[in-house]
Amino acid sequence: LPHQQQGTNHPLNGKFSHLSITYHDSLNFVTVVALHRPKKRNAINAQMWKEIGDAFRQIGTTGDGCRCVLLIGSGKGFCGGIDVTDEKFFSGVGTSADDDDSSRDMARKSLAFRPQILQMQAAFTAVEDCPVPVVAAIHGACVGAGIDLTCCADVRVCSPNAKFSIREVRLGLAADVGTLQRFPKILGFGSRVRELCLTGDDFNAEDALKIGFVSRISKTNGDLVDTANGVCQRIIQNSPVAVTITKASLNYSRDHTVAEGLEHIALHNSTALMSEDLVKSFMMSGGASDNIQFAPLQSYSRL
């Protein structure tokens with residue numbers, strides 16, 4: 001299904017074992033990131049988890065020309081959740097007969113295990129913090145960690161066969177990588193959201209659309225990529241400066257008061273309104289779109 005969306009290799013492609021990163025084959029300025037463990041239904045193991053964070057901390061910041069990311073899953077489903085067969089996730093949990101007295105102390109084990117949870121959270125937060133919009137195209141199963149991940153996307157679309165579940169509670173734990181924090185921020189803290197979080201029940205594409213988790217469903221399963229492409233195309237037609245600042249303002253305003261959000265956007269726009277993109281956008285809105293192009297975003301300065 002969506003893994004067909006392949007173009008030329010992105011500079012980051014080949015640096016990761018479980019991600020495929022390419023330039024879109026027909027849309028300039030769109031980078032396609034594919035979760036690529038199809039034989040495991042894209043269940044996320046420890047290596048893949050770290051790679052997601054590493055990739056999204058770089059995309060859109062290295063002068064790669066990216067203005068939008070299309071996030072997809074290879075194979076039969078988007079993401080089957082955490083790979084529970086990967087022992088690295090659970091190396092700090094439980095006790096054994098070989099543990100010394102210090103290792104059996106639950107307070108000490110807790111302090112030692114907490115950084116791993118924070119590291120896992122930070123990897124997905126990198127998707128949210130990616131300076132360019134991320135559009136997630138979801139097909140088949142999207143459960144557990146798949147929900148955590150897609151909550152960090154800016155726009156979500158799905159195919160008719162998409163199935164979702166906040167599965168963690170059925171596995172004996174509370175979701176701790178972002179769903180319980182972001183899912184209600186997206187949809188509200190109402191009864192349906194709490195029901196899904198507390199039961200671990202499946203919900204389908206129509207449910208996801210009804211509650212607002214996805215913004216549209218493709219007409220057929222095979223149309224999913226085209227549906228997502230349409231969203232990406234409309235995003236990249238706009239000034240990359242305006243789009244980047246809009247995303248930053250939306251994320252900031254979600255977690256702050258209206259007054260703080262207004263101050264935040266005033267600070268950004270006091271600079272951004274000086275951009276040549278403003279004049280070009282006015283010209284394009286007036287119909288003079290021929291040969292008008294926006295300059296690419298520059299590579300971020302780093303030590």
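**Pockets, a helix and the cores**

Guide: In this predicted model, helix 3 (106–129) and helix 4 (145–150) each supply at least two residues of the lining of the largest pocket.

Visitor: What makes a residue part of the lining of the largest pocket, and which lie nearest its centre?

Guide: A lining residue has an atom within 4 Å of a pocket point. For the largest pocket, 24 residues line the space, and I82, F90, E168, L171 and L173 lie nearest its centre. The space amounts to about 490 Å³. Helix 3 provides the largest share of the lining, 4 residues.

Visitor: How do you know what the classes of residue are in that lining?

Guide: Asp, Glu, Lys and Arg count as charged, and Gly is among those counted as polar. On that basis the lining of the largest pocket divides into 15 nonpolar, 4 polar and 5 charged residues.

Visitor: What lines the second largest pocket?

Guide: Its lining has 18 residues, with A153, D154, V155, L250 and N251 nearest the centre. Strand 6 (155–158), helix 5 (179–187) and helix 9 (240–254) are the elements that give two or more residues to this lining. Helix 9 gives the most, 6 residues. By class, the lining of the second largest pocket has 9 nonpolar, 3 polar and 6 charged residues, and the pocket holds about 420 Å³ of space.

Visitor: How do you know how the span of helix 8 stands against the expected value?

Guide: Helix 8 (residues 224–236) reaches 19 Å from its first C-alpha to its last, and 18 Å is expected at 1.5 Å a residue. The span is therefore close to the expected one.

Visitor: What makes a set of residues a nonpolar core, and which members of the largest one touch the most others?

Guide: The members are buried and joined through side-chain atoms within 4.5 Å. The largest nonpolar core has 52 residues, of which I52, F56, F164 and F183 touch the most other members. Helix 1 (residues 46–56) gives the most to this core, 6 residues. Beyond its neighbours within four places in sequence, I52 is in contact with L19, L35, I44, A123, F124, V127 and L149. A second, separate core has 17 residues, including L27, I72, V157 and L224.

How values were computed:
Residues numbered from 1 in each chain as written. Predicted model: local features only at pLDDT ≥ 70, side-chain atom pairs only at ≥ 80, totals over all residues. Heavy atoms only, no water. 1 Å grid on protein atoms, 1.4 Å probe; cavity = no way out; pocket = protein on both sides within 12 Å on 5 of 7 lines; lining within 4 Å. Points joined across faces, edges and corners; volume = space filled by probe spheres on them. Buried < 20%, exposed > 50% of the residue type's maximum accessible area, 1.4 Å probe, protein only. Contact = heavy atoms within 4.5 Å.
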